[in-house]
Amino acid sequence: MQAPPRITVEVPVLGVGSGQADYESLGSFVQSLRRPQGLHLTLLHLGILDDLAHDIEDWTKGVTPAGNASRATVRWLRSLPELEGFGATSDRLIVLGGGRISGLEVQVPQRVHDYQVSLVQGLRTMLDALLVDNVDDFILGSPALGFRYPHWVPHVAVGRPPLRERGPWKIPPVAVACGPSRIRNSQFLPPAD
């Protein structure tokens, strides 16, 4: 049985550097370099929709049923404005995910930071409307959301770090071309109503 898909708001990475060789050169810094197709920069991670809806139901002690939370989340996601594609840069690899992931730390334009802040604010507004009290505590405590840190670090996961090394590692600067924002796995979202 296949696990339910995770829902994120992200931008696809259209290219790293000036060509395939620039991306493949990252293989000297990481193990199991990911294929360039499918690389993305996550703006907001929501996790598995049903898990998030049940987290909300549990937090509100049943005042907000999971079904209502799920429908409200889908409506909010479908109403999000699209962030236009943008160019970014990276000159450093960092370790993420408790040491399991190596990623390009990406310097993004201010408008991307502003968009990401608006996503978090929109999430907070939606949760407040769903009668979640102590919204910030919920966001940091929800297993579905999986927020480990309150600060967003723009990054693109590219592989696994070398064994027993924590980084960060300086790399030759590379351009990172990103497409417009999208909802990952949106095809699996149920109808909002």
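View 1. A contact means heavy atoms within 4.5 Å. This is a predicted model, in which local features need pLDDT of at least 70 and side-chain atom pairs count only at pLDDT 80 or more, while totals for chains, interfaces and linings use all residues. Residues are numbered from 1 along each chain as its sequence is written, and side-chain values use heavy atoms, with hydrogens and water left out.

**View 2. The protein has 5 helices and 7 strands.** Their order from the N terminus is β-α-β-α-α-β-β-α-α-β-β-β. Helices (H or I, at least four residues) and strands (E, at least two) are DSSP runs, numbered from the N terminus. Along the principal axes, the C-alpha atoms fill a box of roughly 55 × 35 × 35 Å.

**View 3. The largest nonpolar core holds 54 residues.** Leu43, Leu46, Leu104, Leu123 and Leu127 touch the most other members. Such a core is a set of buried Ala, Val, Leu, Ile, Met, Phe, Trp, Tyr and Cys residues joined through side-chain atoms within 4.5 Å. Buried means under 20% relative accessible area, exposed over 50%, and partly exposed in between (1.4 Å probe, protein chains only). Of the 193 residues in the protein, 43% are buried. In soluble globular proteins, nonpolar side chains tend to be buried together.

**View 4. Leucine 46 and the residues it touches.** Residues up to four places away in sequence are not counted here. The partners are Ile7, Thr8, Leu52, Thr73, Trp76, Leu77, Leu123, Ala144 and Leu145.

**View 5. Serine 32 and asparagine 134 have positive phi values.** Serine 32 has a phi of about 50°. It sits in the loop between helix H1 (20-24) and strand E2 (40-47). Serine 32 counts as partly exposed because its relative accessibility is 48%. Asparagine 134 has a phi near 50°. Its place is the loop between helix H4 (110-129) and helix H5 (135-141). Neither residue is a glycine. Most residues other than glycine have a negative phi.

**View 6. Valine 120 lies in helix H4.** With 23% relative accessibility, valine 120 counts as partly exposed. Proline 161 is 41 residues from valine 120 in sequence. In space, the two are 29 Å apart, C-alpha to C-alpha.
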